[in-house]
Amino acid sequence: MKKIFTFLILAVSLQTFTQEAGRSGELLKNEASTSEMQQRNNIGEISGERGSSKNNGQRNSGNNSNDYGRSNGSSGTRSTNNYRWNQNYGYSEVFLRIPEHGYFTVEVGDQVVSNASGKYRFFDLSSGKTPVSIYTNGYLIYRTQLRVANNSRMVLDFFTNKGLFLLDSYPVQGQMYGFNEWDDVWNNPYNSGWNQPTSPNFNNSGVMNNQLFQQFYNTMLKNAAFDKDKKEFILQQLRASNFTSNQIAMLLKPFSFDSNRLDVAKILYENCVDKNQYFVVGDAFDFEIGRRDLMKFISNQ
């Protein structure tokens with residue numbers, strides 16, 4: 001009996017470790033001001049009433065998995081003679097989960113989802129900088145911006161006491177999901193450290209997992225003091241490894257000069273497995289001119 005009890009305690013401990021809130025992903029800064037968070041918002045107020053079933057006999061959105069809406073502009077009227085037959089602003093997706101109990105409203109760009117299921121999925125988003133706002137009980141509790149890449153799916157977890165975490169970003173080709181269960185989209189990054197996308201159009205050959213890449217990165221910092229040494233250390237690995245855009249950005253940040261970052265970024269482009277997200281490498285540069293030169297290089301490939 002004692003052995004069984006000990007085994008159960010160990011199993012619970014392991015489960016807690018593998019799925020600890022905020023353990024996986026990149027924390028995104030909350031940009032909402034204190035004054036904004038103290039004022040009620042129409043979006044949050046409406047969704048709060050729906051969630052509490054004060055809807056005068058109308059459907060209860062709290063039981064809906066997705067309640068989509070779009071902002072109608074200041075006039076609140078729809079145009080009946082201006083049709084948009086062709087729109088090509090890129091295709092992107094954002095999957096956000098709130099594993100806590102409660103009724104939340106999430107706004108991504110001009111799309112709004114309100115429910116109590118904890119899963120908020122946004123499709124047909126335009127690529128580029130996209131604002132994200134999260135409401136509960138009629139109040140804004142979190143706001144930040146995402147850099148959404150074209151033909152990609154960003155996966156995030158939100159915890160009210162910890163913040164919004166970017167778990168990973170995957171290429172989307174032909175809207176192929178590449179998973180069997182919806183929960184796997186959020187749970188896999190916790191369990192595996194690096195969730196290998198299963199899309200057949202995504203070349204992940206030779207990509208280091210998170211643990212191995214961290215060892216590679218730490219070794220570079222320890223043994224390569226100058227930019228030329230860092231460059232040699234990275235280039236000697238190219239025959240054996242490929243990298244993701246986020247890994248390349250991380251490798252470039254310790255460099256001292258943007259000119260050296262640009263040289264290495266151009267070389268590593270051929271070994272990048274998610275070139276559609278290479279714009280994130282620009283975040284490693286100190287000055288805008290370096291980012292522009294990199295984007296110019298990419299556009300000519």
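**Reading the labels**

Q: Which exposed residues does the face of helix 9 turned away from its buried side carry?
A: That face carries I289, K296 and S299. The model is predicted, and so are the positions behind these labels. Exposed means over 50% relative accessible area.

Q: Which residues of helix 9 are buried?
A: They are G290, L294, F297 and I298. Buried residues have under 20% relative accessible area.

Q: How do you know that the buried residues of helix 9 line one face?
A: Look down the helix axis. The buried residues fall within an arc of 100 degrees, so they line one face of helix 9. An α-helix has 3.6 residues a turn, so residues three or four places apart point the same way. The buried residues of helix 9 pack against helix 8 (258–268).

Q: What span should the residues of helix 9 have, and what is found between its end C-alpha atoms?
A: Helix 9 has 12 residues, 288–299. At 1.5 Å a residue, they should span 16 Å. The end C-alpha atoms are 17 Å apart, which agrees.

Q: Is Y217 buried or exposed, and what makes it so?
A: The relative accessible area of Y217 is 13%. The cut-off for buried is under 20%, so 13% qualifies and Y217 is buried. Y217 sits in helix 5 (residues 210–223).

Q: Which residues does Y217 touch, not counting those up to four places away in sequence?
A: Y217 touches M250, L251 and P254. A contact needs heavy atoms within 4.5 Å. Y217 and L251 are 34 residues apart along the chain, and their C-alpha atoms are separated by 6.8 Å.

Q: What does S92 count as, and why?
A: S92 has 0% relative accessibility. That is under the 20% cut-off, so S92 counts as buried. S92 belongs to strand 3 (residues 92–97). Its contacts, beyond four places in sequence, include F122, D124, V148 and N150.

Q: Is D124 buried or exposed, and why?
A: The relative accessible area of D124 is 53%. D124 is placed in strand 6 (residues 119–125). Its phi is near 55 degrees, a positive value in a residue other than glycine.

Q: What does N137 count as, and why?
A: N137 has 57% relative accessibility. That is over 50%, so N137 counts as exposed. N137 lies in the loop between strand 7 (128–136) and strand 8 (139–148). Phi of N137 is near 55 degrees, positive in a residue other than glycine.

Q: Why is strand 10 called largely enclosed?
A: Count its residues. In strand 10 (residues 163–171), 9 of the 9 are buried, so the rest of the structure largely encloses it.

Q: How many bridges join strand 9 to strand 10?
A: There are 8 bridges, and the strands run antiparallel. A pair needs at least two bridges, so strand 9 (residues 152–159) and strand 10 qualify. V155 has D168 as its bridge partner in strand 10. The two strands form a hairpin with 3 residues between them.

Q: How many bridges join strand 1 to strand 10?
A: Here there are 3 bridges, again antiparallel. With at least two required, strand 1 (residues 26–28) and strand 10 also pair. L164 in strand 10 is the bridge partner of L28.

Q: What makes strand 5 mostly covered?
A: In strand 5 (residues 111–115), 5 of 5 residues are buried. In a regular strand the side chains alternate between the two faces of the sheet. In strand 5, Q111, V113 and N115 are on one side, with V112 and S114 on the other, and all are buried.

Q: How many bridges join strand 4 to strand 5?
A: There are 5 bridges, and the strands run antiparallel. V106 stands opposite V113. The strands form a hairpin with 2 residues between them, and G109 in the turn has a positive phi of about 60 degrees.

Q: Where in the protein chain is confidence lowest and where highest?
A: Confidence is lowest in strand 2 (residues 68–70), at a mean of 40. It is highest in strand 4, at 96. Over residues 46–76 the pLDDT is below 50, although this stretch has 45 contacts in the model beyond near neighbours in sequence. Where pLDDT is low, the predicted coordinates should not be read in detail.

Definitions and conventions:
Residues are numbered from 1 along each chain as its sequence is written. This is a predicted model: local features need pLDDT of at least 70, side-chain atom pairs count only at pLDDT 80 or more; totals for chains, interfaces and linings use all residues. Side-chain values use heavy atoms; hydrogens and water are left out. Helices (H or I, at least four residues) and strands (E, at least two) are DSSP runs, numbered from the N terminus. The expected span of a helix is 1.5 Å times one less than its number of residues. Buried means under 20% relative accessible area, exposed over 50%, partly exposed in between (1.4 Å probe, protein chains only). The arc is that of the directions from the helix axis to the C-beta atoms. pLDDT is the predictor's confidence in each residue, from 0 to 100.
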